[in-house]
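This report asks how one protein chain is put together, from its overall make-up down to single residues. Please keep the sequence and the model at hand while reading.

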Amino acid sequence: MSDLTESFGQGLVFQYSAVGSMFFGSAIFYFALAHLLPVFTVGSISLLYAIMNILSAVFIFGLGNGLQHYLSYHLARNDTQAIKKIIVKTTYMAIGLAILAFVTVYYISDYVAVLFFHNIIYAQSVKIIGIAISMSVIINIFASVLLGLNQYKKYSIMYTFYYIILYFFPLLLLFLLKNTISLLYGIAFTDAIYALIFIMMVYRNYFKMPKVNNEKAVREPYKNIIIYSIPLFFASIMNTSATYIDRIVVSYFINLGFLGIYNFALVVASAASIMVLPISNLLIPKLSSFFSLNNLDGFKNSIKMLLNIGYLIYVPAALGIAALSRPILVVFAGDQYSIGYIPLMIIMFITSLFAGAVVLSSGISSVRQTRIFIYSSALSLVANIALSIILIPRFNILGAAISYSSMNAVNFIIVYHYARKFQINNFDRTRILKIWFASIIMFSIVFILQFHLAYSIINILLLILVGFGIYLLEIKAFKLISREEMNYVLDIIPDKFSMLKFILERLSYTNSSSGNDKLFRFIK
């Protein structure tokens, strides 16, 4: 079945293109809305997106990680029969959940409109996003099947074009028809088309699989996937709710105008996630393969390496955004959005502290301890709700930023505790402290320089280059990445960028330990 799978490194390259298209698509989308529509209308659209994402998480039923884990598990064992049965049963589940999602949203639309928008006129908008929610359920479930089959390239290419069309087609309709409802119809139509495309891509792989009648093959009851997914179902609901609850509280206690400003700051904050989200999307299938082969050394080595690389990339990116928060908001959204720069800085600093939670969470999922996410998500949700209710009425979006950031801290504490309990935690504290020290130096220099330059796109790009150059020098001076870890990074970069690979190789230091050799052979 090797022809049906793709390498981790190759998949990661395409994952960066998919996540990049998501960020740049959403950034251009909200940039256009900020200049085309009043702040109040931008806020209402942001709230609709929040509702859409929360309800999508409800009806996906937590199946995403469960499918990735069990499909990768059977793929490593070449059990084609089990894989094909899982795909067929997943199809029935996905269609059933999509229908349930649409019917439910249709009947609660009036209630949602009055509760969150304080106006029944928004019921029509909620019904339209009900179509998008039902199609999003199918997209997410079948996308998880592709990841479980290690189809990283196909998954990433599909999502790259999906995000481009998802953001630009609705904008085109808005521009042509001058009607915000047309924007929502554009989102629903795009999701419907891509739901069909994802189904076709999965079944294209299905029919490529050999017909094997192996009586000794493992018969995987679908209830195992559901049992695995139930904790993730509740965790996903609570985690998604925790992510968006501050926006809902802002709209409830203040107004949709402030929500529009706060949401734009969050869009900018999401830029740093481009650096680590592609890695996290591929972790569960690969770590599950280690688990199926009982390779504990490879498992722990991969955790350590990915924690180091995750912090090495995410922390300077987040602190760079924090340093440039005000000029970015002023240049790309306008002066009225500038009040969002302090909340943006708070979010960037706090999320940087706890960036390792992504890697540790994937490790816990891969050893089938998913019940932990109920605890972490529940406590994160409680923290966000409590602080939102206390802080937002008094401190507006500054309180929202603190409450939003609190869930990252709570989630990390819970995940870190159980990662240690299950003996999969492998932090290199000295390295991470050095990364933070180097990043703060870079932040301080860029933050001071931005006060001496006019706010413009050219000057923002100039400061980004300055910060990037400073950090590259610090990587070499402080020995922030080992040769073994850099070899992994170099394997991801295409050979045509030989000069870039040469420069990056010179930034690493030689580590006498060779404990990661097995890991790199496996990943490559």
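The sections below go from the whole chain to its core, its aromatic rings and a few individual positions.

## Overall make-up

The structure is a predicted model. The protein chain contains 21 helices and zero strands. Of its 524 residues, 59% are buried. The accessible surface of the chain amounts to about 22000 Å², and carbon and sulfur atoms hold 67% of that area.

Contacts across the sequence are also part of this picture. Among the contacts in the protein chain with a separation of 6 or more, 84% are between residues 24 or more positions apart.

## The largest nonpolar core

The largest nonpolar core has 162 residues, and those that touch the most other members are Leu33, Leu67, Ile87, Phe198, Tyr311, Met348 and Leu360. Helix 5, which covers residues 123-148, gives the most to this core, with 16 residues. Domain 1 (59-219) and domain 2 (252-453) both supply residues to the core, so the core lies between them.

Beyond its neighbours within four places in sequence, Phe198 is in contact with Ile139, Phe142, Ala143, Leu146, Met158 and Tyr159. Phe198 also belongs to one aromatic cluster, together with Tyr159, Tyr162, Tyr163 and Tyr194.

Ser144 has its place in helix 5. Because its relative accessible area is 8%, under the 20% limit, Ser144 counts as buried. Apart from neighbours within four places in sequence, Ser144 is in contact with Gly64, Leu67 and Gln68. Leu67 is also in contact with Ile225, which touches Leu63, Gly66, Tyr70 and Ile86 as well, not counting residues up to four places away in sequence.

Ile225 is found in helix 8 (residues 222-253), and Ile225 is buried, with a relative accessible area of 0%. How far apart are Ile225 and His69 in sequence and in space? The two are 156 residues apart in sequence, and their C-alpha atoms are 8.8 Å apart in space. In helix 16, Ser405 is buried too, with a relative accessible area of 0%. Leaving aside neighbours within four places in sequence, Ser405 is in contact with Ile346, Ile347 and Ile350.

## Aromatic pairs

A search of the whole structure finds 25 aromatic pairs. One of them joins Phe169 and Phe189, a tilted pair with 5.8 Å centre to centre and 40 degrees between the planes. Phe169 is in helix 6 (residues 152-177) and Phe189 in helix 7 (residues 180-208), so that the pair links distant parts of the chain, 20 residues apart. Phe169 is partly exposed at 26% relative accessibility, and Phe189 is partly exposed at 48%.

Phe412 and Phe427 form an edge-to-face pair, with 6.1 Å centre to centre and 80 degrees between the planes. Phe412 lies in helix 16 (residues 397-421), whereas Phe427 lies in the loop between helix 16 and helix 17 (429-449), so the pair ties together parts that are 15 residues apart in sequence. Phe412 is buried, at 12% relative accessibility, and Phe427 is buried with a relative accessible area of 16%.

## Charges over rings

Asn396 is partly exposed, with a relative accessible area of 29%.

Lys479 lies in the loop between helix 18 (457-477) and helix 19 (483-492). Lys479, likewise a residue other than glycine, has a positive phi near 55 degrees. At 47% relative accessibility, Lys479 counts as partly exposed.

How values were computed. Residues are numbered from 1 along each chain as its sequence is written. This is a predicted model: local features need pLDDT of at least 70, side-chain atom pairs count only at pLDDT 80 or more; totals for chains, interfaces and linings use all residues. Side-chain values use heavy atoms; hydrogens and water are left out. A nonpolar core is a set of buried Ala, Val, Leu, Ile, Met, Phe, Trp, Tyr and Cys residues joined through side-chain atoms within 4.5 Å. Buried means under 20% relative accessible area, exposed over 50%, partly exposed in between (1.4 Å probe, protein chains only). Helices (H or I, at least four residues) and strands (E, at least two) are DSSP runs, numbered from the N terminus. Domain bounds come from an automatic or database domain assignment. Contact means heavy atoms within 4.5 Å. Accessible areas come from the Shrake-Rupley method with a 1.4 Å probe; for residues, only the protein chains shown count as cover. Rings of Phe, Tyr and Trp (its six-membered ring) pair if their centres lie within 6.5 Å; planes under 30 degrees apart count as stacked, over 60 as edge-to-face and the rest as tilted.
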